[in-house]
Amino acid sequence: MNYAELRARIASLPDVAPSFVPCVIEWAADGRPNPTLLSLVPHPDGTVTATRGDLREKTEPVRDAHGDVIVFTDESAACEWAWTDVHESWGSRPQYSEEQQRAAAASGDAQRRRRATRLREWEDPHPRDGIHP
């Protein structure tokens, strides 16, 4: 698989808009990875390494169980690994109990109430409560 095929596969995953694909994977041809979820970094000898990013500013090389940077033999091997990594993580969805779902919904409702209150305060910073003329 080459990089273009990898991008197409990622774009076909559930809940992935084409505009989000560059946040998931990039080919860092200049050797400087961006903080995308995964960056594949080609090297002059034809090998490829990968980094994981935080979608902000940090990137860390992908390492094996011994702490060594994983070096892929070529683009195809790197893309196959990246597809497996993304596909496995994208396909797993956490399962929540009904109680956990109710608690999460209640928390969301409370957050929305606080936000609505704050927005009303910002609209009228001096409410007519008798204190402010």
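Predicted model: local features only at pLDDT ≥ 70, side-chain atom pairs only at ≥ 80, totals over all residues.
Student: How far apart are the closest N and O atoms of arginine 102 and glutamate 98?

Tutor: A salt bridge requires a side-chain nitrogen of Lys or Arg within 4 Å of a carboxyl oxygen of Asp or Glu. Both partners lie in helix 4 (residues 98-123), 4 residues apart, which is about one turn of the helix; helices here are DSSP runs of H or I with at least four residues, strands are runs of E with at least two, and both are numbered from the N terminus. Glutamate 98 counts as exposed at 58% relative accessibility. Arginine 102 and glutamate 98 form a salt bridge whose closest N and O atoms are separated by 3.7 Å.

Student: Which residue forms a salt bridge with aspartate 85?

Tutor: Aspartate 85 lies in helix 3 and its partner in strand 3 (residues 48-53), so the pair ties together parts that are 33 residues apart in sequence. The closest N and O atoms are 2.9 Å apart, and the partner of aspartate 85 is arginine 52.

Student: Are arginine 32 and aspartate 30 buried or exposed?

Tutor: These two residues form a salt bridge, with their closest N and O atoms 3.8 Å apart. As for their accessibility, arginine 32 and aspartate 30 are both exposed.

Student: What angle lies between the planes of tyrosine 3 and tryptophan 27?

Tutor: Rings of Phe, Tyr and Trp (its six-membered ring) pair if their centres lie within 6.5 Å, and planes under 30 degrees apart count as stacked, over 60 as edge-to-face and the rest as tilted; by this rule the count comes to 2 aromatic pairs. Tyrosine 3 and tryptophan 27 form a tilted pair, 5.7 Å centre to centre. Tyrosine 3 lies in helix 1 (residues 3-11) and tryptophan 27 in strand 1 (residues 25-27), so the pair ties together parts that are 24 residues apart in sequence. Tyrosine 3 is buried at 14% and tryptophan 27 partly exposed at 25%, while the angle between the planes is 45 degrees.

Student: How far apart are the ring centres of phenylalanine 72 and tryptophan 81?

Tutor: Phenylalanine 72 is buried, with a relative accessible area of 9%, whereas tryptophan 81 counts as partly exposed at 22%. Their planes stand at 40 degrees, so the pair is tilted, and the centres are separated by 5.3 Å.

Student: What is the phi of aspartate 15, which is not a glycine?

Tutor: Aspartate 15 lies in the loop between helix 1 and helix 2 (21-24), and at 67% relative accessibility it counts as exposed. Its phi is positive, at about 65 degrees.

Student: Where does leucine 55 lie?

Tutor: Leucine 55 is another residue other than glycine with a positive phi, near 65 degrees, and at 44% relative accessibility it counts as partly exposed. Its place is the loop between strand 3 and strand 4 (59-61).

Student: How far apart are the C-alpha atoms of glutamate 121 and glutamine 111?

Tutor: Glutamate 121 is found in helix 4 and counts as partly exposed at 38% relative accessibility. Glutamate 121 and glutamine 111 are 10 residues apart along the chain, and their C-alpha atoms are separated by 15 Å.

How values were computed. Residues numbered from 1 in each chain as written. Heavy atoms only, no water. Buried < 20%, exposed > 50% of the residue type's maximum accessible area, 1.4 Å probe, protein only.
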